[in-house]
Amino acid sequence: MSALPDFDQNSVESRIGDIREAARGITERFSREYMRECIDNHRFPQEAWEALGECGLLGLTIPESMGGSGGGQVELVALAEVLAEAGLILPMLFLTGFGRVPVIKNGSPEQFERFIKPTMTGKEKLCFAITEPDSGTNSFAMSTLATQTAEGYSLTGRKVFISGAADADRMVVVARTQKASEVEHRTQGMSLFVVDTNAPGVELQPLNIEVGWPEKQYLVFFDEVQLAPDRLVGDPGQGLAGMFEALNSERLLVCAMSVGLGNYALKKAVAYANDRKPFGQPIGSYQALQHRLALAKAELEAARLMMFQAAATFDEGGNAGAHANMAKLLGSRAGVKAVEAALQTHGGYAFDRDYDVVTLWPSLRLMEIAPINNEMLLNYIGEHVLGLPKSY
Ligand SMILES: Cc1cc2nc3c(=O)[nH]c(=O)nc-3n(C[C@H](O)[C@H](O)[C@H](O)COP(=O)(O)OP(=O)(O)OC[C@H]3O[C@@H](n4cnc5c(N)ncnc54)[C@H](O)[C@@H]3O)c2cc1C
């Protein structure tokens with residue numbers, strides 16, 4: 001069995017105190033009601049986004065020497081967790097936060113200046129495009145192709161479910177620079193490109209997805225989109241490492257959102273369970289309900305510890321893959337348990353949108369499926385941590 005890295009919980013707690021306080025400053029200004037209004041109208045929460053930029057919170061993970069606010073994934077997940085604890089769902093924070101990871105790590109100084117700096121203040125936003133209609137979970141089977149030309153690359157293909165594509169200025173696109181049929185191993189020949197969302201040849205088609213986020217999802221068509229050589233991040237065909245760096249960060253942010261939003265659901269459930277007395281005593285005193293809430297809390301807490309463990313490993317440059325996958329698996333399951341417990345607690349009122357409980361369910365349930373389904377995470381743990389044979 002592969003060794004899992006050690007972890008110092010105290011050093012994590014000392015790193016996140018200031019971030020949590022700054023994030024609470026945002027949640028005091030922007031309420032869940034504000035977020036509901038944005039979600040219900042599919043309106044980008046520009047005011048909250050700008051406030052995050054003004055406080056320097058969008059500069060997290062970027063060293064101060066490069067104009068950022070410093071910190072790493074530990075600080076970024078702490079921010080995402082606090083926002084979600086107040087019911088604030090800001091997928092663009094995740095998309096920009098993890099989308100820029102490969103550009104920061106593998107891009108040139110010019111790419112940093114042009115594509116990353118404007119995101120540190122909130123002036124520009126990034127989205128991330130990997131999923132394709134036919135290949136779905138099997139990203140290595142993607143067919144979107146960037147062909148080399150005299151001027152750079154020509155990008156043709158389709159991506160689906162791309163969140164916030166119409167709100168973002170640029171899209172980090174994972175594409176093949178060699179077809180799967182032309183490489184020795186299917187993990188080869190993948191490259192990362194930064195594409196302007198309004199570039200000629202890019203078409204966005206909104207999808208009718210019900211998930212409780214302010215951003216819509218899009219089917220994105222690339223029709224011979226002309227890309228200058230400086231749109232390629234790192235070396236051609238070597239995009240896989242950058243992609244996994246980004247995806248590990250994404251898994252941690254998903255865990256943070258699940259844990260935060262799960263705690264938000266629990267908080268509502270506890271308030272209701274202390275107040276509601278159909279038989280004369282609070283329903284929260286009934287163990288069938290109380291234990292369900294208590295178990296959800298314990299599981300959220302376990303996922304949270306795993307999340308910070310993985311984030312600290314990521315920041316130290318260690319191999320965070322196993323723990324990032326476990327954190328996303330445990331966090332998403334715990335988030336669903338929490339919202340299920342909150343639904344049970346609210347009885348029939350759970351289904352009244354004005355109680356804002358059923359409205360939390362799609363976001364939390366989605367996290368078991370996207371950005372990667374939990375079956376694939378179990379496959380990863382089975383194969384790479386336990387050393388079992390591959391099943392698919
Ligand atoms: C709201 C929303 C936002 C999204 N945002 C983005 C985005 O911004 N960018 C982006 O690139 N993508 C995005 N996605 C796509 C998302 O990551 C995919 O939907 C997800 O990876 C699953 O792919 P699929 O839907 O094609 O499922 P499929 O690959 O068709 O899988 C369907 C189901 O089959 C099972 N399954 C599949 N393969 C295996 C296996 N090997 N072993 C066991 N079980 C398996 C799983 O239960 C899975 O849920 C988003 C999706 C949604 C719904």
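Predicted model: local features only at pLDDT ≥ 70, side-chain atom pairs only at ≥ 80, totals over all residues.
**Entry 1**

I began with D196, which counts as partly exposed at 21% relative accessibility (buried is under 20% relative accessible area, exposed over 50%, partly exposed in between, with a 1.4 Å probe and protein chains only). Residues are numbered from 1 along each chain as its sequence is written, and side-chain values use heavy atoms, without hydrogens and water.

Which residue does D196 meet in a salt bridge? I found R231, at 2.9 Å from N to O (a salt bridge is a Lys or Arg side-chain nitrogen within 4 Å of an Asp or Glu carboxyl oxygen). D196 belongs to strand 5 (residues 190–196) and R231 to the loop between strand 7 (217–227) and strand 8 (232–233), so this pair ties together parts 35 residues apart in sequence. Helices (H or I, at least four residues) and strands (E, at least two) are DSSP runs, numbered from the N terminus. I also looked up R231 itself: R231 is buried, with a relative accessible area of 8%.

I noted 23 salt bridges in the structure. One of them joins the side chains of E85 and R20, with 3.5 Å from N to O. E85 sits in helix 4 (residues 73–85) and R20 in helix 1 (residues 9–29), 65 residues apart. Is R20 buried or exposed? R20 is buried, at 14% relative accessible area.

Next I checked R353, which pairs with D40 in a salt bridge whose closest N and O atoms are 3.2 Å apart. Here the partners are 313 residues apart: D40 is in helix 2 (residues 32–40), and R353 is in the loop between helix 10 (321–346) and helix 11 (361–366). R353 counts as partly exposed at 43% relative accessibility, and D40 is likewise partly exposed at 43%.

**Entry 1: Helix 3**

Which residues of helix 3 (residues 46–54) are buried? I wrote down A48, W49, A51, L52 and G53. The cover over these buried residues includes helix 1, helix 2, helix 4 and helix 5 (91–99). After helix 3 comes G56, which has a positive phi, near 80°.

**Entry 2: Domains 2 and 3**

How much area do domain 2 and domain 3 bury between them? I noted about 1,000 Å², 72% of it on carbon and sulfur atoms; buried area is the accessible area (1.4 Å probe) that two parts lose on being put together, summed over both. On the domain 2 side, T137, V211 and W213 lose the most area to domain 3, together 38% of what that side buries. I also looked for salt bridges across this interface, and the rule finds 0.

Terms used:
Contact = heavy atoms within 4.5 Å.
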